[in-house]
Amino acid sequence: MTEKTLVTMQKEVDAYISQFKEGYFSPLAMLARMSEEVGELAREVNHSYGEKPKKNDEADNSIELELGDILFITICFANSLGIDLTEAHNKVMHKFNTRDKDRWTRIEDSSSNESEQGDKGE
């Protein structure tokens, strides 16, 4: 399968939704739907990694499908509000790369580690 850009995905979802008279749901309805999908993801994660096994009669959903549902509703939400998800992603990454740049412990580059040790005479 070929990779898709966020722009392509936003256009694909818009083409799908545009074929229906109802169009996009209201922002409040989409937030409720997103909350439902996150709950379904939580259930799948709990079944796969938690202490709660599935019942024998439960549907065979997957974390992958639940993440796909969340991506779809996120794209619907963005489209309905005229938000370019590529630009939103760029802004978030800028925030993480500036505000949070020293927040987490970085994995050290082995070559810089070796040069530091060499400088110390070790």
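Predicted model: local features only at pLDDT ≥ 70, side-chain atom pairs only at ≥ 80, totals over all residues.
Modeller: Residues are numbered from 1 along each chain as its sequence is written, and side-chain values use heavy atoms, with hydrogens and water left out.

Biologist: Why is Gln10 called buried?

Modeller: Buried means under 20% relative accessible area, exposed over 50%, and partly exposed in between (1.4 Å probe, protein chains only). Gln10 has a relative accessible area of 10%, so Gln10 is buried.

Biologist: And why does Leu6 count as partly exposed?

Modeller: Leu6 has 26% relative accessibility, so the label is partly exposed.

Biologist: What makes Glu12 and Lys4 a salt bridge?

Modeller: That term needs a side-chain nitrogen of Lys or Arg within 4 Å of a carboxyl oxygen of Asp or Glu. For Glu12 and Lys4, the closest N and O atoms are 2.7 Å apart, and the pair forms a salt bridge. By this rule the count comes to five salt bridges.

Biologist: Which salt bridge does Glu37 form?

Modeller: Glu37 pairs with Arg33, their closest N and O atoms being 3.8 Å apart. Glu37 is buried because its relative accessible area is 7%, whereas Arg33, at 26%, is partly exposed.

Biologist: Why is Arg99 called exposed?

Modeller: Arg99 has 54% relative accessibility, so Arg99 counts as exposed. Its salt-bridge partner Asp100, at 2.9 Å from N to O, is buried, with a relative accessible area of 7%. Arg99, Asp100 and Arg103 are linked in a network of salt bridges.
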